[in-house]
Structures are given as structure tokens and as C-alpha cells.
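Student: I would like to learn how to read helices, strands and ring contacts in a model. Can we go through one case at a time?

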Amino acid sequence: DNLARVIARHPTRFVGFAHHNLFADNAAEELERAITQLGFRGYKLLAPALAQPIEDKSAWLVWEVAEKYDIPVLIHFGVLGSGGGVAWHENINPFKLHDVARAFPTVKFVVPHFGCGWLRETLQLCWSCANVCVDTSGSNQWVRWMPEELTTKMLFRKYLETIGPERLIFATDSSWFPRGFSIRYLQDQLRDCRELNVSPDALAKIFGGNAARLLRLDS
């Protein structure tokens, strides 16, 4: 409700995502209220913060609301927090989304941070489920913790080879004020894509068009 008040003051600058417990008794009703009354256009979850398996069918009513209103669902998998944060949880692996994504093929699920440490699993999930997209948000410093040598440029190449530009979404993970927009992430990722010879049409999709389509920003 506080977010809705902020958006009401700046309706052309912000789009709201609901962000409440998937397993709350009124979770489906709360999501529907957020969409129909508050004007929100998405739903965000932190999978490692959930108390139950994300694929538990007690959450099916929530996915049905997302399906009914055709909103994207962004779900953070992987490590949670900075050093000393959550490094293991039953919902930490993006593969946990497999059965849900297959059961609700018209719901667009977005996995942020290129999978945040679960690269193989995220790629295989995307290969299996055409309704799973990936966003590029944040510093992606998790690449330093991987056993193989990785860079954001290499991540772009791998995802472009696997899912193409239509399911890859630029995002910054800008998170608080007065920090504001993290322009460095945009500059670095544009450079990476240009060095990979990504076409202008694909750049337009990744760096704006895909998000606008998912959020129905032209409506």
C-alpha cells in the first residue's frame, strides 16, 4: 500500500510489483487486490526466504491469479544477502521452478541476476520451459565464487545462445535512494553486448523492449 502511494505520485516513472508471502492464507486474494485495486503489474518473490517448497501445490491459487491477469512473476533464486547471508535453502536452486513453470505455461517467470550462481540449472530450466526469462540485474559479483572463470560478457553469450534476445531482460538492481539508478551496470552490459556483435534489433529487445512487453507499458 505504501508503494502504491509512491506510484500514485509518480505514475509515469514507477511500476509496482506485489511482494508478499506466497504461502500466506490470503496470498492469492492479496495478489489480486494488488493488481486490480493498486494497479501493480507483477509479483516478486525471494525463493530462499520462503518457508515451504516453492512448488508446493498450496500456492497453486497464486499462480492462477498470475495466469488470469497475465502478469510476470520475478523470483530470486541463489544466494541471498551479502557475505554471511543465505547460501543454502530448499528453494535456492532455480530448477525448483520446473514443475510450476510447466504447469502454468502462459505465466512469464523471470529469474534475476543470470541465475545468481546456478548457471547450469538456470540454462537448463530455460531450455525446458519457454515461459522462463532471465534478467541481467546487479553487479553479478557471484561470478567470483564460481569454480570456472566467468564474466558478465560470457553470461550474455551463453544465454543468447540458449534463449535468444527475446527472453533476456536488462535490469540494474538499483535499490534505494539516494543511490538511484546504477548507470554503470547499463554501460558495462551495453559494452559487453556490442563486443559480442549483438544486433541493434536484439539490443532494443534486451534493453527495454522485452520489459515493456511483459509489463504492458503501452497499455
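Student: Which residues of helix 6 are buried?

Tutor: Keep in mind that this is a predicted model. In helix 6, the buried residues are Thr-152, Leu-155, Phe-156, Tyr-159 and Ile-163.

Student: How should I read the spacing in such a list?

Tutor: Start with the general idea: an α-helix has 3.6 residues a turn, so residues three or four places apart point the same way. Now the case here. The buried residues of helix 6 are Thr-152, Leu-155, Phe-156, Tyr-159 and Ile-163. Viewed down the helix axis, they fall within an arc of 100 degrees, so they line one face of helix 6.

Student: What covers the buried residues of helix 6?

Tutor: The cover includes helix 5 (119-128), strand 5 (132-135), strand 6 (168-169), helix 7 (183-195) and helix 8 (200-214). Take Thr-152 as one example: at 17% relative accessibility it counts as buried, because the cut-off is under 20%. Leaving out residues up to four places away in sequence, Thr-152 touches Phe-114, Asn-140, Gln-189 and Asp-192.

Student: What span should helix 6 have, at 1.5 Å a residue?

Tutor: Helix 6 has 12 residues, 152-163, and should span 16 Å; its end C-alpha atoms are 16 Å apart, which agrees. Just after the helix, Gly-164 takes a positive phi of about 75 degrees.

Student: Which residues of helix 2 are buried?

Tutor: Helix 2 covers residues 27-36, and its buried residues are Ala-27, Ala-28, Leu-31, Ala-34 and Ile-35. Down the axis of helix 2, these fall within an arc of 125 degrees, so they too line one face. Strand 1, strand 2 (42-46) and helix 3 are among the elements that cover them.

Student: Let us turn to the sheet. In what order do the strands lie?

Tutor: The general idea is that strands of a sheet pair through backbone hydrogen bonds, either parallel or antiparallel. In this model, 6 strands form an open sheet in the order 1-2-3-4-5-6, and the pairing is parallel. The edge strands are strand 1 (17-18) and strand 6, each of which pairs on one side only.

Student: How many bridges join strand 3 to strand 4?

Tutor: There are 2 bridges between strand 3 (residues 73-76) and strand 4, and the two strands run parallel. Leu-74 has Val-110 as its bridge partner in strand 4.

Student: Where is Val-134, and is it buried or exposed?

Tutor: Val-134 is in strand 5, and at 0% relative accessibility it counts as buried. Apart from residues up to four places away in sequence, Val-134 touches Val-110, Val-111, Phe-114, Thr-122, Cys-126, Tyr-159, Ile-163, Arg-167, Leu-168 and Ile-169. Tyr-159 and Ile-163 in that list are also among the buried residues of helix 6.

Student: Which residues does Ala-101 contact?

Tutor: Ala-101 is in helix 4 (residues 98-103) and is buried, with a relative accessible area of 1%. Setting aside neighbours within four places in sequence, Ala-101 is in contact with Phe-109, Cys-129, Asn-131 and Val-132.

Student: How many aromatic pairs does the structure hold?

Tutor: The structure holds 6 aromatic pairs. One of them, Trp-63 with Phe-109, is edge-to-face, at 5.6 Å centre to centre and 75 degrees between the planes. The pair links distant parts of the chain: Trp-63 is in helix 3 (residues 60-69) and Phe-109 in strand 4 (residues 109-111), 46 residues apart. Trp-63 is buried at a relative accessible area of 0%, and Phe-109 is buried with 0%.

The pair of Phe-170 and Phe-207 is tilted: 5.1 Å centre to centre, 35 degrees between the planes. Phe-170 lies in the loop between strand 6 and helix 7 and Phe-207 in helix 8, so this pair ties together parts 37 residues apart in sequence.

Student: Which residues form an aromatic cluster?

Tutor: Phe-114, Phe-156 and Tyr-159 form one aromatic cluster.

Note on methods:
Residues numbered from 1 in each chain as written. Predicted model: local features only at pLDDT ≥ 70, side-chain atom pairs only at ≥ 80, totals over all residues. Heavy atoms only, no water. Helix = DSSP H or I, 4+ residues; strand = E, 2+ residues; numbered from the N terminus. Expected span 1.5 Å × (residues − 1). Buried < 20%, exposed > 50% of the residue type's maximum accessible area, 1.4 Å probe, protein only. Arc of directions from axis to C-beta. Contact = heavy atoms within 4.5 Å. Phe/Tyr/Trp six-rings, centres within 6.5 Å; stacked < 30°, edge-to-face > 60°. Pairing = 2+ DSSP bridges.
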